[in-house]
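Hi everyone, and thanks for coming. I'd like to walk you through a structure that may be new to you, so please have a look at it with me.

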Amino acid sequence: MNNTLIIGQYVPGNSLVHKLDPRTKITLIFFFVFIVFLANNVVSYSILALFALASMVTSRVPIRFIMKGLTPVWFLIVFTFILHIIVTKEGTVWLEIYSFQIYSGGVFQGIAISLRFFLLILITSLLTLTTTPIEITDAIEDMLHPLKKVKFPVHELALMMSISLRFIPTLMQETEKISKAQASRGVDFRTGSIKDRAKAVVPLLIPLFVSAFKRAEELAMAMEARGYKGGEGRTKLRELKINARDIAVYLLFIAVIAGLLLTRGY
Amino acid sequence: MREKLIEFRNVSFRYREEHPWVLKNCSFEIYEDESIAIIGHNGSGKSTIAKLINGLLFPQEGEILIAGKPVTEETIWDIRKDVGMVFQNPDNQFVGTTVQDDVAFGMENRGIPREEMIARIEESLTAVGMQDYHLTEPHRLSGGQKQRVAIAGVLAVSPKVLILDEATAMLDPKGRTEIMNTLNQVQEKNNLSLITITHDLHEVVQSDRVIVMNHGEIWDEATPREIFAKKHALREIGLDVPFVAILADELQVKGLALTKEPLNHEELLEELWTLHSTT
Ligand SMILES: Nc1ncnc2c1ncn2[C@@H]1O[C@H](COP(=O)(O)OP(=O)(O)O)[C@@H](O)[C@H]1O
Ligand SMILES: [Mg+2]
């Protein structure tokens, strides 16, 4: 497992979407969440869907990874659809099953809302699929920068996130080692009642916690020895840069918004 | 005359008021370009000395001078620039998410401009033979590789002295050799003092001078050869004596007159065959 371990859902790649500045991606997604609500007819929905589809194709992330990201929300999408069919009583009756009628309005609404939902999830999961967690961290640090004025610990937060990211694989490797060591002593994690299994996890968690605290202490010392004294006067190796492609994508996005405004029904 | 780089003047230290003294009236000097080994049993105060040198701790009594500057709250940031440290656990000192991020950490802390960082990362990773691993994540590196990255991170800020506090203790023999070779090369190319803290007598052989600690006191200060000659006493203070030294001793008991204390297998071999050819 150690060699395939990837934190989060990131799928390495070299596409335009991968290469966009993470701040561009986050900003666009933020606005996408709003413009999704502008669409209210076939043309405007098509524009949205086309944009999402185009982003997906450009990212060259294999469909199965995207689908995997959608798995937990399929239920919600379908549920929303059914709910609308049952609740909405507008338009003409299309189908009558015993005393229960399905209205055209319900079907349209159901499709529209589910589609909105689907597109939102699709676009947001594209962010985590094409951006490494550390890039996201850098972007958040940069975008929260103004909050420093009100003493919000932006740098500290970002450092905490990046150190967590750095130690997740290490702690996972350690968990595996400890659980093997405990299993070899006869601790059984897989069978027995829930209570028994919960009990079996204790000898796994305690050594893990003890070592995590020791790590934290030693890491703090090592950081201090290497001259760490907070964010003041620090420079950064990792650099975020808005390139021509970011500008191009922003312009395209503005065109999409304009398209939506022009085609939507008022 | 070489410049004095580190000076301990009657330093005593304890972690808490009610605790026993961990260092008792220690005085020693370390010079520029010197290679020093500090050995001693577990708990003899070696790590404490290292932490005192770069101001992670401050002594209750006595004075510590680094390049003539006393170590105080005001000077520690300058001093940490001059004193680089590599610790025992390869994982618990790796801060960055990739090799180059980790090497950059110390430079970022000092506000070094990005362009210069990039050049220095290249340079220091090449110095430790890790130039092909810029973007590798720590969990894909061996212990020895992680320690080499740690050394690179220290070299990148060009310190005057590099302290290795049992930096090879958690490595396999291959990792150990890797580190020892790296250090030899690094010390040749840079003018750098080296302090190797270890409880493994094998690692003292390459140093110019050895400081032996015992229960917080300086027990002896001498060349590796002189130290090796005192193997019985060393054993009594809880140190592992290398096999060669023991073998040489046994041979002498059996009546073979060795002319000097051998430090390794080659030297013993040399002694033996020249001995044989003269009789
Ligand atoms: N943080 C601490 N708090 C209290 N006592 C400590 C601490 N660190 C080390 N000691 C004690 O100080 C003594 C010297 O420790 P140390 O310098 O780490 O020895 P060495 O590195 O030679 O093994 C030991 O007796 C140890 O128990
Ligand atoms: Mg120690």
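Let's start in chain B, with helix α5, residues 143–155, and helix α6, residues 173–189: these two pack at an angle of about 20°, and their axes are 9 Å apart. Angles under 35 degrees count as roughly parallel, so α5(B) is roughly parallel to α6(B). Their crossing is right-handed. Before we go on, please keep in mind that this is a predicted model.

Now a second pair of helices in chain B. Helix α3 covers residues 99–109 and helix α4 covers residues 114–127; here the packing angle is about 120°, with 10 Å between the axes. That angle makes α3(B) oblique to α4(B). As for handedness, α3(B) and α4(B) make a right-handed crossing.

Let's move over to the ligand. Which residues are around ligand 1? You'll find B:Y15, B:V22 and B:H41, and then B:N42, B:G43, B:S44, B:G45, B:K46, B:S47 and B:T48. Sorted by class, that shell has seven polar residues, two nonpolar ones and one charged one.

In B:Y15, a polar side-chain atom sits 3.4 Å from a nitrogen atom of ligand 1. B:G43 takes part through its backbone, where a polar atom is 2.7 Å from an oxygen atom of ligand 1. With B:S47 it is the side chain: an N or O atom there is 2.7 Å from an oxygen atom of the ligand. And how much of ligand 1 does the protein bury? Taken alone, ligand 1 exposes 560 Å², and the protein buries 61% of that.

Methods: Residues numbered from 1 in each chain as written. Chains lettered and ligands numbered in written order. Predicted model: local features only at pLDDT ≥ 70, side-chain atom pairs only at ≥ 80, totals over all residues. Heavy atoms only, no water. Near = heavy atom within 4 Å. Polar contact = N/O pair within 3.5 Å; in protein donor to acceptor, adjacent residues only side chain to side chain. Areas by Shrake-Rupley, 256 points an atom, 1.4 Å probe, with all protein chains shown as cover. Nonpolar A, V, L, I, M, F, W, Y, C, P; charged D, E, K, R; others polar. Axes fitted to C-alpha atoms, helices over the stretch in contact; angles between N-to-C directions. Helix = DSSP H or I, 4+ residues; strand = E, 2+ residues; numbered from the N terminus. Parallel < 35°, antiparallel > 145°, perpendicular 65-115°, else oblique. Left-handed = near helix turned anticlockwise from the far one by under 90°.
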